[in-house]
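The points are grouped by topic.

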Amino acid sequence: MKEISLRVNGEERSAEIHEEMRLLDLLRDALHLTGTKEGCGEGECGACTVIMEGKTVNSCMVMAFQAEGKEIITIEGMATKDKLHPIQRAFLEKGAVQCGFCIPGMVLSAKVLLDENPIPTRDEIREGISGNLCRCTGYNKIVDAIETAAGYLNTGGDSNA
Amino acid sequence: MKKRGIGIGCGFYGTGYGNGFPDVSRARAKLETDGKIGIYVGATEVGQGAKTVLQQIAAEAMGVSIEDIKFYCESTENTPDAGTAAASRQTYNTGNAIKKACEALKEGLIYIAIDKLLLNSAVGIRVENKKVYLESYPQSAISFEDIAKALTEPLCFEESFTAGTTKMEEESGQGAPYWPYTFSVYGVEVEVDTQTGFVEVLKAVCAQDVGRAINPQLLEGQIDGGFSMALGYALMEDLRLTNGEIRNNRFSSYIIPTALDMPEVKKIIVEDPEVTGPYGAKGVGEPVMVAAAPAILNAIYNAVGVRMREIPVTPDRLLEALMEKE
Amino acid sequence: MLKQVGKAEIRVDGPAKVTGRASYPQDLYMAGMLYGKTLRSSKPHAEITIDTTEAEGLKGVIKILTFKDVPHNHYGVLFKDHEVFCSKKVRSIGDPIAFVIATSEKIAHMAIEKIKIDYRELPGVFDAIEAMQSDAPKIHDKGNLIYHYKLRRGNVESAFDRAAAVAENTYRTSMVDHAFLQPEAGLAYLEGSQVVVCVATQYPHFDRQEISEALALPLDRIKVINPAVGGAFGGREDITLQIHLALAAILIGRPVKAVYSREESFAAHSKRHPMVMTYKTAADAEGKLIAMEASIVGDTGAYASWAINVIRKAGVHATGPYVIPNVKVDSYVVYTNNPFAGAMRGFGATQVPIAHEQQMDILAEKLRLDPIEFRLKNCFKPGDRTATGQLLHHSVPLVECIDKVSEWMNQNTGADGGAIE
């Protein structure tokens, strides 16, 4: 057992970890951030995607000790208390959600994609979420949502504001 | 060399358990203490949109918006059995049960309003915007909330809907096993790489019979999702069973479509109301899948002249077929 | 005038799902909860003897459930042909044999490794057509053929004699998985006199019935809670971990949770029935379909699940949405030692179009007709009858669907069977 500190969703957090613990287990079991999902445990489905130091990682493929001192964003860090992040709002408006299990990972992949490329083409969006599997939606409405979210973010974060 | 081809597929799907099996949905509609409408139904939201569509049906029946519906479907404790979330039956079957329960509740509300408003008949009474009123004299009105406050016992109605199905004749298979039938047509354009055997679906179109669209956005989501699953079925998915063992039992070997594999799908909703459906609606969860894979297979033939009789059409299978043709 | 129907309402469960607040069963935690793990068969057909002694001695192992702990050791949607835990024999790889309950997932895992199963292998059968032979190994006590659906309309023989074009082909579809993103998970605990089972299911009331029957408990002693469900597509109709968890919670009196890995999910739930479909379809010189004969064999693996209903649906839908006056369909479904098949999106009606739609194109080519024109000539219209004699009296907008697709294809697709470079 070892105690580590890291920043999660803007807050300093510390937790007891053991050697075999993955970042995914740290987030879910120790910090109770269960929005991060496990779909395959081998980095293929993207359901466990979180943002570490500005880049998406599959949290099932990162060991907990590797997160020491790192800045992590999970789905719980996307919305403020009373306001959804524009990407989340676009997902709702465009009908991009069905069973929802892939959605936290999708939203976070979309965030990094749009941080790096604020006006992506539809093909670039497909590329950006190609590591996130979805069995329900056929992806098209997710692509629509990310395109819409890009528009919201480029007009100051919230077109309804 | 890359070759393109087009293909279409048609399909139909009979809703429900079928063959005379009792296909029953039950639902309860209750006036809650705050004047909202409680719907209690054991119908599962698996991602298909049941919670939303069934609330829209309840809201329509009660003349309220969906914000005024309280929907309970997650526990066996407080919900009646609405059958399984399968056979594309929840919108149709359970939608009908909810509509019937709401209509009964509405009658119950009118009955109480007649008494409270000192009327002598139900003629000309309307139920709308969370109140019951006399259409020719709208000042004479009572809100759902006021009715709720005046109740001494809960106002709650349970109704059921049983689908029409007959057992087929044993030796001839003749009969009316399912109802309603839902129709679907897909068209696709593919590009086949004759060097690698890889098939890319470039474009797709679906015209989907829905009876009546309860929620067009959710319907479109079903079409995209059904196409995606059919794309995997036609071209990719293989458990690689060997003596009963699933060799491809992970997402690194059991390949399902990613965002890069999916084409844009033009979605055309075709409405032709089904008289026995709630507001004319039919279920689409399965119908959206049936015609898509064969459209891809027909497009492959159109592109390269080989008939793929076994799926999935993996690159090695297609290359082998191309070689045999030559 | 409809106000709510036809509106693109935002899905009501959407906000919880985009924020990560939606609870799937794996997201539930309780103080003092234990972890369960299933030991599954590694052989497709074998007699077994189970020895849990060493595993039980492991520190942190609370209990190991086997068939001896289950009052009525069976379940299943049509027949009760699944055992909750295999007692004498395994019939497919992945069959549950034991369920370890331990203080941590890791200990449960270690205990699984220490359970000794003596497998005495039996000959297996992995091909549905071979399984129909009289000398094939029997999966259950009765024969392997579960059901034969017969559809007879008109006289196919005389119609084939006057055909202008005939297509005869055999098509094969594969066994596939639902691959929903959320692997099976559940949590069971006691609440007063009730056992509460939280699980992602398509049908909570049926799960309650299955638990009730297997554990010989009245229905009112069981509550099934169905929180968010991460996709299903038919793969959550049969029982997986519901009975194991309920039994564990009842016998131990503490909350017990289990979460399947992706590999275990593949092993635990049903599959799509693979089918071998031999079709003979004929049309006359005017391009009207006159006859179709089909033989369809479906493989349901080691357990029936919905086999009868699936193969019947395949048989009823075998013609495709076309008027054919002379039809003969025989569809069969059989047991093998493969993983069991059950419900999956389309339920038999997804397999047959692989055959009937290619038959349509093959016949159109023989008759030198455009595939769309050929379909329009033969497709169901209001007033037509299906092959089972059912009258389609209204809401049959198939012509409109074909026209709309055809129109869009004409405007939006280029190449019709050609090289592009």
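**Briefing: chains B and C**

Chain B contains 7 helices and 13 strands, where helices (H or I, at least four residues) and strands (E, at least two) are DSSP runs numbered from the N terminus. This is a predicted model: local features need pLDDT of at least 70, side-chain atom pairs count only at pLDDT 80 or more, and totals for chains, interfaces and linings use all residues. Residues are numbered from 1 along each chain as its sequence is written, while chains are lettered from A and ligands numbered from 1 in the order in which they are written.

**Chain B overall**
- The C-alpha atoms of chain B fill a box of roughly 90 × 40 × 40 Å along the principal axes.
- Of the 326 residues in chain B, 60% are buried (20 or more other C-beta atoms within 10 Å of the residue's own, C-beta atoms being placed from the backbone).

**Sheet in chain C**
- An open sheet of 7 strands in chain C has mixed pairing and the order 3-5-1-12-9-10-11; strands pair if DSSP finds at least two bridges between them.
- Strand 3 (61-65) and strand 11 (222-225) of chain C are at the edges with a single partner strand each, so one side of each has no neighbour in the sheet.
- Strand 3 of chain C pairs with strand 5 (residues 96-102) of chain C in the antiparallel sense over 4 bridges.
- C:Val61 has C:Ala102, in strand 5 of chain C, as its bridge partner.

**Nonpolar core**
- The largest nonpolar core has 297 residues, a core being a set of buried Ala, Val, Leu, Ile, Met, Phe, Trp, Tyr and Cys residues joined through C-beta atoms within 7 Å.
- Residues with the most contacts inside this core include B:Ala58, B:Tyr186 and C:Ala246, a contact meaning C-beta atoms within 7 Å.

Key:
Buried ≥ 20, exposed ≤ 12 C-beta atoms within 10 Å, placed from the backbone.
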